[in-house]
Amino acid sequence: MHGERARCIGDDCPYGVTDESEEEDIRVLLEHIRGFYKVALDRLPVESIPSLAPSLLKAGMCFGVLDPVSNIIANTIAYYSAPPKMPRGPEEEEKNDGDDDDETRCSILCKIKADAHDRRIYNMFLSPKEMNGMTIARRSLQGLVSFLTFHFRYFSYTEAIRYLRLAGADLLIAMRLIKLDHCKSLDFNFTSPTARIALFCAAMSAAHPRPAVLLRAAMSLGSRMVMVNNLLLSGDRYLTPKSIKHLTKWLGQDAKSLKEKLKWLPMSLAESRHQDRQEKKRKRDVPTPVHKQVGTFAYTQSLKLLLLVKIHALYLEALALMPRDALLKRHHCNLIKGGYCYGPMDPVSNIILNTIWYGATFPMPQQFDFNFDANMICTRSLDRVECCSLYGLVAFLRTRFPTLTETDSLLYLLKSNADIGKSVEQIEQDGHALSVSYLDGLKVAAVHSWHPDPDALLSSVGVHSTDFSFMRDSTIRYSRLERLVSSLLPKSSPANSEEYAQQLSKASSSSVILNENQKMLIPAAKEKFKADQGFFVKKVNAVLKKFSQQKGVDYELHIICGVNIEVTERSSVDLFKRNFKYEYFHINFLATAKGSNNASASPELFFAECSNSDNDEEKRPSLCFPVKCSWVDDARCFCCEMNGIKIVHPYLEKYHGLYDFKKIASREHGVLNDHIISAYDLHADRMCTIQDDWIYFNPEMDALIAEKNPIEDWARKIREWGRVF
């Protein structure tokens with residue numbers, strides 16, 4: 001696999017945000033937030049319970065799992081270390097009602113608006129000390145932005161501000177809009193570790209005096225959301241002492257177990273609030289801003305990275321559908337060299353189809369073949385074929401529909417889950433005109449994705465695409481695809497490919513292509529791969545054995561499909577200032593339940609966290625959890641994201657790399673959220689020669705790799721590799 005890329009997706013997109021536009025967004029958001037505080041003050045009995053005022057000004061943040069005004073009320077009351085002192089009787093309430101009431105509320109509002117002329121309110125990167133001196137409204141805005149950037153992967157602060165403005169500074173409305181744009185489920189499990197950490201980080205970023213109090217309040221009241229909403233949204237102007245007693249009681253109790261229907265309630269209520277907001281604007285004849293996707297760099301980058309993880313999930317599904325023996329002996333290599341996800345069928349079927357076809361059309365010469373079973377697919381090699389597939393998909397759509405932008409193409413692919421057939425249907429329905437044929441689009445896709453032989457692909461899979469398309473809606477069967485590919489082999493002989501013929505003429509023997517050091521490097525690379533995969537297989541078998549004992553079901557390893565060896569148990573604050581050995585690695589693998597009752601069982605995806613050492617299992621015990629492919633972009637991990645490695649983490653469990661975001665929120669960390677996005681993009685959007693190419697080297701296909709990468713000292717090169725994963 002080789003080629004030269006002139007640009008990356010998103011390179012030509014405008015930044016889309018100026019200092020002036022960002023200031024305007026922040027100004028509008030602060031107006032919304034101050035409006036929330038005015039409504040909250042109208043409901044809180046701040047005169048009859050004077051201690052509510054300082055509590056609101058210190059900790060009454062407008063973010064949480066309720067609507068903004070309810071969040072202010074709940075967070076204000078939650079900050080008490082003890083239940084607030086109640087008024088002695090109705091006479092005192094009556095006495096405090098009137099002009100003094102308005103004056104007191106006005107004085108509090110004046111404090112909330114006190115920084116209106118402070119230029120620092122437009123700086124989203126204030127130090128903790130500076131943030132501590134800002135008003136509660138400005139600190140709430142910081143928390144809103146922080147929650148979105150810590151909860152959603154690849155989400156920059158400029159995008160967070162844009163969505164918050166569309167949502168009128170309502171956190172849950174913004175979340176719903178983001179989920180719709182990202183084609184994600186509209187449930188919200190606010191008790192998940194990811195959500196809890198995002199909320200805690202939001203409180204820290206906003207200089208909440210006791211972030212744990214806000215988090216506990218959100219969990220406790222969120223698990224009683226129906227009762228809390230009935231109390232806070234009853235329509236009464238003032239909260240009565242009885243109502244505050246109820247809230248105080250619930251805040252002092254632990255969160256209840258979350259029922260399934262409650263996971264959908266926050267987004268459902270947010271939708272109702274959004275519709276009400278739009279209706280009020282319509283009645284006031286206020287123009288409603290169109291929620292149009294803007295092709296800014298940050299937005300396009302976010303879509304690209306989201307689509308890459310979606311494509312990764314498709315490859316995991318394809319690996320699970322391939323027979324274990326064929327995968328371990330042949331297709332581990334064929335998939336990373338030719339298993340693209342575009343073609344005439346759905347993406348998973350295309351991966352399997354292209355993998356089978358590549359192996360049958362370009363078999364590995366015997367002297368370069370593996371003499372052992374490959375129980376592991378190299379992580380970076382799998383990442384690269386996924387990235388190449390993405391570029392092929394985008395090129396296919398933009399070739400057939402020249403009116404599409406890159407951002408448009410990414411959106412259609414995201415909505416169709418990288419299915420070009422469904423994307424084409426939707427694009428045509430939206431009024432875009434087809435420009436060229438399917439084969440023309442496929443040829444451009446093959447070139448842009450660095451396909452090793454576009455001519456051969458077109459003369460076989462391309463020409464006979466109708467033979468495959470009829471299977472599009474049927475159940476995927478590996479054996480059926482294998483038979484169909486075999487029937488096409490006489491028509492798709494590599495001898496018919498001009499490019500392949502030229503490669504063969506240049507590479508009639510490995511001695512012509514490879515220098516002496518390269519000849520020594522290739523078998524040494526395979527031996528190193530064998531030894532290093534042995535370490536990971538041993539670790540995986542150990543955690544599988546323990547998991548099997550817990551569940552009473554034996555599992556057999558199908559294949560290892562992703563590893564990050566750089567996971568630390570210590571804080572990563574000084575990660576880039578010192579050289580130290582990482583204590584853990586994160587790993588994904590597929591495993592099949594054994595036994596007569598599970599003869600037709602499909603492999604399941606697992607996540608494990610294991611020690612990088614052979615001898616400290618007692619000190620650093622391993623973790624092992626089954627995971628779902630759909631969680632690939634739901635759970636966060638600082639260690640994996642900084643390395644651009646697409647490990648699927650458990651959504652409801654804890655592991656190392658999850659809590660580093662707290663250090664970022666407190667500004668103890670030198671890394672910001674946008675640095676994580678850039679680092680991930682650098683590693684994930686990669687189409688280049690990598691060291692794994694020597695493990696899978698085929699002289700008949702990889703002559704250019706040998707030519708462009710001369711080796712002077714093969715032994716030194718192997719030593720520099722470190723562990724192969």
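So, a polar contact here is a pair of N or O atoms within 3.5 Å; within protein, one must be able to donate a hydrogen and the other to accept it, and residues adjacent in sequence count only if both atoms are side-chain atoms. Quick housekeeping: this is a predicted model, so local features need pLDDT of at least 70 and side-chain atom pairs count only at pLDDT 80 or more, while totals for chains, interfaces and linings use all residues. Residues are numbered from 1 along each chain as its sequence is written, and side-chain values use heavy atoms, with hydrogens and water left out.

Okay, Thr-135. You'll find Thr-135 in the loop between α6 (128-132) and α7 (136-151); helices (H or I, at least four residues) and strands (E, at least two) are DSSP runs, numbered from the N terminus. A polar atom of the Thr-135 side chain lies 3.3 Å from the backbone oxygen of Ile-112. Leaving aside residues up to four places away in sequence, Thr-135 touches Lys-111, Ile-112, Ala-114 and Asp-115, where contact means heavy atoms within 4.5 Å. Is Thr-135 buried or exposed? Buried, at a relative accessible area of 10%; the cut-offs are under 20% for buried, over 50% for exposed and partly exposed in between, with a 1.4 Å probe and protein chains only.

Next, the rings. Rings of Phe, Tyr and Trp (its six-membered ring) pair if their centres lie within 6.5 Å; planes under 30 degrees apart count as stacked, over 60 as edge-to-face and the rest as tilted. That rule gives 27 aromatic pairs. One of them is Trp-631 with Tyr-651, a tilted pair at 6.3 Å centre to centre and 40° between the planes. Trp-631 is in the loop between β4 (623-626) and α28 (638-642), and Tyr-651 in the loop between α28 and α29 (660-665), so the pair ties together parts 20 residues apart in sequence. Trp-631 is buried at 18%, and Tyr-651 is buried at 15%. Elsewhere, ring pairs link Phe-370, Phe-372, Phe-529 and Tyr-696 into a cluster.

Last stop, the strands; two of them pair if DSSP finds at least two bridges between them. Strand β3 (residues 604-611) has 7 of its 8 residues buried, so the rest of the structure largely encloses it. Strand β2 (residues 584-593) runs antiparallel to β3, joined by 8 bridges, with Ile-587 opposite Ala-608 in β3. β3 also pairs with β4, again antiparallel, over 4 bridges, and there Phe-607 stands opposite Phe-625 in β4.
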